[in-house]
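Here are my notes on this one, as numbered points. Have the viewer open as you go through them.

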Amino acid sequence: MLSVGSDGRNDDPLRREVLSLNEQVKQLVRTEHRLSLWQQRLDGQLERVEALNRLSLQAGEATEPATILVLALDAMLALFSYEQAIAFLRQGEAYVAVARRNFLSDGDGTTRNDPAPVSSPPTPQDIHEPLLDEDAPWLKPFHAAWAASLLRGEDGSGGPCLALPVSSDRMLALLLFRRGQHLTSPLEVLPQRDDLPFLRLFGAHVAGALRNLLLYREAQEAIRFRDEFLMLASHELKTPLTTSLLLFQSLRKHDRLQCMSAANAESLERQILRLNALVEQLLDVSRIRHGRFAPRRKDADLVQLTREVIWRFRFDAEQKGSSVSLSAPASVVVSADAAQIDQVLANLLSNAIKFGEGRPIQVNVDVLPERAQVRVHDSGIGIPAADQARVFQCFERAVSLKNFGGLGLGLYISKRIAEAHGGGIGVESSVESGTTFTLWLPRQPTICPGPDLVH
Amino acid sequence: MRPFIGVGKSNRRDPREAGREAAGMAVAGAPPDGIGLVLVHSTVGYEQGALLDGVVDVTGKAPLSGCSSSGVITRAGSDESDHAVAVMVMGSDRLRFETVQVGAFSEDPQRCGRDLAQRLARSLQRTRADEHRVLMIFPDGTAGNVRELLRNLEGTLQVPLLMAGGTAGEMLQMGPTYQFHDGRVASNAVSAVLITGDFLPEVSVNQCCDPVGIEHTITRAKDCWVLEIDDKPAWETYREYLDTQDASSLTMSDFCYISLAERLDEPDPEYGEFLVRSPLKADPATGALFFPADIRTGARVRVALRRPEEVVARSLACARNMLARHPSRHPDVVLQFNCSFRAGLLFGRHTTERSITPLQREFGDDVAWFGFNSYGEIAPLAHGPTRIHNYSAVLCALYVEPGGSVGC
């Protein structure tokens, strides 16, 4: 074996050739070294990609946001050598600790749903970027509180910390990670500044998973709505159709179509009108959803419209045993589509009659500085507080279909009409004490752009 | 009394609790007064004294030996986390155990070797001719000259003694390492345990590097420091093969990439023609490199490249040869002293499945498994003295039960 001697001479041609070849060997080794470092980096990146994929797959099976956050904590802890982790989930305007991992106190770190040592995030403000502790001084006292609550005698200054926001258009959750001591093993890894893009990506994945869960839940709800509606619409449309069909078949069987009695004709007409009203409601919903429900405003007397509606429903009220009283000034003129406002008032009054338990119904028309309003008060079954917002949604009802018919569209349509006029509808109610619906309209004409009519 | 071997491991963060837990797992099922030896290996995230206190809480006054490391090995594989401790307990009326420790290793490794031999002499003399003996030895891996230690130890011993072990390590930061002896912790020391009695030890070693390029000459060396190669600062020659310019920026990832291969006087058919020497640190001021096994002035070396694909292949070949030597018997425990460089630094998080599990499968699922990742592995080659190796794995199989395995 030729070698480089201590005298360093290289005047022998063979020796020069060997040295030249050895330079190539060195070059190859250097290249392989470089490749090996790249390979290490690639392996690290691959590991992260796998962690993200695994997280996405597992999160896709989750049915609760807390489960997604637990998966996120575990995925991060598999990649980085933190020892404690907490996930805070936004609920309304507050943050609630929903998941925690702790390798310091119990050794295996598998504790789930323990009371978190800190119950709220360390900063009242949303953050939108992953923050290492040197970038977030507010983590310091948090560090100390965390340490003191979890590990006896640990130095409160602690080791490295990470705040990882899970943000969409706003912060949905906050993941906090902490290590009790600084690392000594080169094989244990904590994120550095270079890792911030990955951390952003990770946060986006978790946010995506949370959003997907939300969309999934909304889709499930929409399916439920659709199924309920199909059942409801079938029922509602079938009743008058069946009645009409039976009547028609009876008359034809006895060859009496030519001499239909007034009562029969009236019954048939009533059923057809009911069918027509139901179909009109469905068409209204379709018009609203397609933005073709713009009011045609003219000066209209709100008091006069109210009187007419009360007059029209007088027999229905009588039939239910309710009296309807009106308290109103002589005239209140608003700029409105009279037919649409008539539709709203009819809906409010028919609801008051339907759910008023035969008790008196009070209607008030008032003029306030900036608006005119009609209040329809019944003393009937009332609406539970939890359902009051829901009654204005499409196909929603606060009562069972079995006891009270209807498609559950009336208040939805009414609210859209009121909003299209620049007004609104509100409800005040308590169970067994009755309900007051208030329709209010602006006293000055309001221009409402088309898109507002959609939803 | 049937031999008892138990292994436990803990990752608890509290050192005393971790020691207790690992020892508790190891002694589970042990007969009363059945613990003859406690071996402990741990990573250095722990306060080592408290850790041993926890072990001793459970094992009492049983002889104890071991050292710190960059990772512990059990049947669950290699664990290189900051907080990992593994404990093995052994007991058998067929075996006798004697733990020893000597200090001031870096100051006088020759004296350490001689002292160790003298302390073991009485026990060795008591050993019957038909009995076997093996010395498990754990020197400080960053302090003294292990080659001198071993040379003086073997030179002073009056009887042949099979040796196996590894040097103590830490988390590849070149900080202090720790040697354990009967519940006490020391640095810059050598701990060892002599096992004698009616049992059969088998030791084998393999390495996973191959030399490349031309030979170089160590032109100046002192103790464990190689100052010059081919009349140039050692770092200069080393740098020519590395994609790194600055000695002060070297990390273990660089050190572990290339080593030096020193030709053996007599090639070993199982091991190869070269001893591998890996540096652990550099002195940026002088360009000198520190090798835990010294390389003498005048030695001819070649650059050696690691071969990840050979790690398992050569270990398996080694294991098969060991097992083939006693086809009718089954080892009760295998001790594995594995180079730190061929663990996580080579395989990342896949060390266990890529290099430990295949080996364990070869020996069988019922064999107790215990060891650590060291800075230098100690074992003899087929012919010749006990040596310190790098980039190697030493396997030490102990056959205690004549008929087969006690398992655990």
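1. A word on angles before anything else: axes here are lines fitted to C-alpha atoms, for helices over the stretch in contact, and the angles between N-to-C directions run from 0 to 180 degrees. Keep in mind too that this is a predicted model.

2. With that in hand, go to chain B and find helix α7 (residues 308–325) and helix α9 (residues 351–363), which pack at an angle of about 20° with their axes 9 Å apart. Angles under 35 degrees count as roughly parallel, so α7(B) is roughly parallel to α9(B). The crossing of α7(B) past α9(B) is right-handed.

3. Who touches whom in that pair? On the α7(B) side you'll find B:V311, B:V312, B:S315, B:L316, B:A319 and B:R320, and they meet B:R354, B:S355, B:P358, B:L359, B:E362 and B:F363 of α9(B). Sorted by class, this contact comes out as 7 nonpolar, 2 polar and 3 charged residues.

4. Still in chain B, have a look at the hairpin of β24(B) and β25(B), where 5 residues sit between the strands and B:G384 has a positive phi near 115°. Strand β24 (residues 377–380) runs antiparallel to β25(B), and 4 bridges join them. One of the bridge pairs is B:E377 with B:H389. Along β25 (residues 386–389), B:T386 and B:I388 point one way while B:R387 and B:H389 point the other, and all are buried.

5. Over to chain A, which has 9 helices and 12 strands. Of its 455 residues, 31% are buried. Among contacts in chain A with a separation of 6 or more, 67% link residues 24 or more positions apart.

6. The sheet to check in chain A is an open one of 5 strands, ordered β2-β1-β5-β4-β3 with antiparallel pairing. Its edges are β2 (94–102) and β3 (131–132); each has a single partner strand, so one side of each is left without a neighbour in the sheet. Further in, β1 (residues 84–91) and β5 (residues 171–178) of chain A are joined by 6 bridges, and A:Q84 stands opposite A:R178.

7. Two helices of chain A lie over strands of that sheet. Helix α2 (residues 65–79) lies across β1, β2 and β5 of chain A at about 150° to β1(A). Helix α4 (residues 196–253) lies across β4 (161–167) and β5 of chain A, at about 40° to β4(A).

8. Last, the interface: 27 residues of chain A are in contact with 32 residues of chain B. The chain A side divides into 11 nonpolar, 11 polar and 5 charged residues.

Notes: Residues are numbered from 1 along each chain as its sequence is written. Chains are lettered from A and ligands numbered from 1 in the order in which they are written. This is a predicted model: local features need pLDDT of at least 70, side-chain atom pairs count only at pLDDT 80 or more; totals for chains, interfaces and linings use all residues. Two residues are in contact if their C-beta atoms, placed from the backbone, lie within 7 Å. Ala, Val, Leu, Ile, Met, Phe, Trp, Tyr, Cys and Pro count as nonpolar, Asp, Glu, Lys and Arg as charged, and the others, Gly among them, as polar. Two strands pair if DSSP finds at least two bridges between them. A residue is buried if 20 or more other C-beta atoms lie within 10 Å of its own, exposed if 12 or fewer, and partly exposed in between; C-beta atoms are placed from the backbone. Angles under 35 degrees count as roughly parallel, over 145 as roughly antiparallel, 65 to 115 as roughly perpendicular and the rest as oblique. A crossing is left-handed if the near helix is turned anticlockwise from the far one by less than a right angle, and right-handed if clockwise.
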